[in-house]
Amino acid sequence: MRGCYRCSGTVGVPCSERYETGEAVVQQADRMQAVAVTPGRAGSARLVEVPQPAAPGPGEALVRVLQAGVCGTDVEITGGLYGAAPAGDDFLILGHESFGVVEDVGPDVHDLAPGDYVAAMVRHPDDCPNCRRGEWDMCIKGDYRERGIRGLHGFMRPYYVERTSHLVLVPAARRTLGVLMEPLSIVEKGLAQIARIQDRMHWEPTTAVVLGAGPIGLLATAVFRVSGYRTFTVARTPRPNSRADLVEQMGAVYLSTQETPVSELGRALGQIDVILEATGNGAVAFEAVHSLGTNGILCLTSVTPGDRRVEVPADTVNMRLVLGNMAVFGAVNANRSHFEQGVRHLEMFEQLWPGVIARLITHRFPLADFAAALEQQQDRESIKVVLDLAG
Ligand SMILES: [Zn+2]
């Protein structure tokens, strides 16, 4: 039986307060350091010392973390905007983007073996009808838990134990890209949903627009290109810049909103079949409707916890949506099918553009430098910042 997660002591016996205060402690051999927050408390990010995980049980694997990605969600959690600790704990280990190597497996595990590279899925299902079918990204009840976000510790730590049903095998040859699997899975869900929704008619799309050139926007650019779309990626910064270079290396066209506003894209480019919004700005969705073509579809992926307000020409937006048979939908999280499609696409990316996708990872920090990593993530020069535990 495992003891208390915080102190390895007997469950029910009060723990030391060192995890609450963040006071530095001497690390013991059976302990490891992790990046954690007190959910809801801004500025509480700190290193905590936790026990090494117990040996994997039936259906589980012990994974050594090689990289943990940092993203805006982590910044928002450390800012106290949301996040929830696991039941019984008063801290939450951060990190929902992970890549690692299996060190050990439980006695009945046959789908993974030590030495396999894996990415972990984020959301753990509840018992709603969708979750029971494996579509936990479409949870209807809302009692799901998410690694590093809500109710489950995340991956900013040297080791974790996970059920193999929540691990996806990544080929060893793609290990430099494995930490991008989680953001890629978000894109894959968007594209999969677009295909299913557009099954409502005969549809021969040719042109896609990606709004935003962060990790999601650039990975979406890559997926649209390997799917055969004429692709335009739109961001604020004028060319030349490093994001524009990446877009062009993938055979897409980079446009700056300083030259072509989002609401003018339709006039500039003609029929736009698909728009994927990944700017982090909730107001952009309403501008994008002005550029969407007939029978087009707009996929929204930005999580926007702010309170931005805009004035919307409601009749114009409504009329465009109605007369153009347009669809607008939101997409969050991803299930196993989307991670597996991401693995297939990583292979295609490397065949088409060797070394290009790896350039999305612009900064690497050791685990102990998590604060610098979180700060770097907010710098406009950063694309993907990772904590590198492999060294
Ligand atoms: Zn559910």
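This note walks through a predicted model of one protein chain, from its overall form to a few elements.

1. **Overall make-up.** The protein chain holds eleven helices and 19 strands. Its radius of gyration is 22 Å, close to the 21 Å that the globule rule gives for 391 residues, so the chain is as compact as a globular protein of that length. The C-alpha trace spans about 65 × 45 × 45 Å along its principal axes.

2. **Burial and contacts.** Of the 391 residues in the protein chain, 43% are buried. Take the contacts between residues at least 6 apart in sequence: 67% of them join residues at least 24 apart.

3. **Strand β1 and its partner β2.** Strand β1 covers residues 31–37, and strand β2 covers residues 46–51. The two pair in the antiparallel sense, over six bridges. Within this pairing, V35 stands opposite L47 of β2.

4. **Strand β1 and its partner β4.** β1 also pairs with strand β4, residues 92–93. These strands run antiparallel and are joined by two bridges. A36 has I93 in β4 as its bridge partner.

5. **Helix α11.** This helix runs over residues 370–377. Its buried residues are F370, A373, L374 and Q377. Seen down the axis of α11, they fall within an arc of 100°, so they line one face of the helix.

6. **What α11 packs against.** Which elements meet the buried residues of α11? They pack against the strands β1, β3 (60–70), β18 (361–365) and β19 (384–388), and against helix α2 (72–78).

Conventions:
Residues are numbered from 1 along each chain as its sequence is written. This is a predicted model: local features need pLDDT of at least 70, side-chain atom pairs count only at pLDDT 80 or more; totals for chains, interfaces and linings use all residues. Two strands pair if DSSP finds at least two bridges between them. Helices (H or I, at least four residues) and strands (E, at least two) are DSSP runs, numbered from the N terminus. The radius of gyration is taken over C-alpha atoms; the globule rule is 2.2 Å times the number of residues to the power 0.38. A residue is buried if 20 or more other C-beta atoms lie within 10 Å of its own, exposed if 12 or fewer, and partly exposed in between; C-beta atoms are placed from the backbone. Two residues are in contact if their C-beta atoms, placed from the backbone, lie within 7 Å. The arc is that of the directions from the helix axis to the C-beta atoms.
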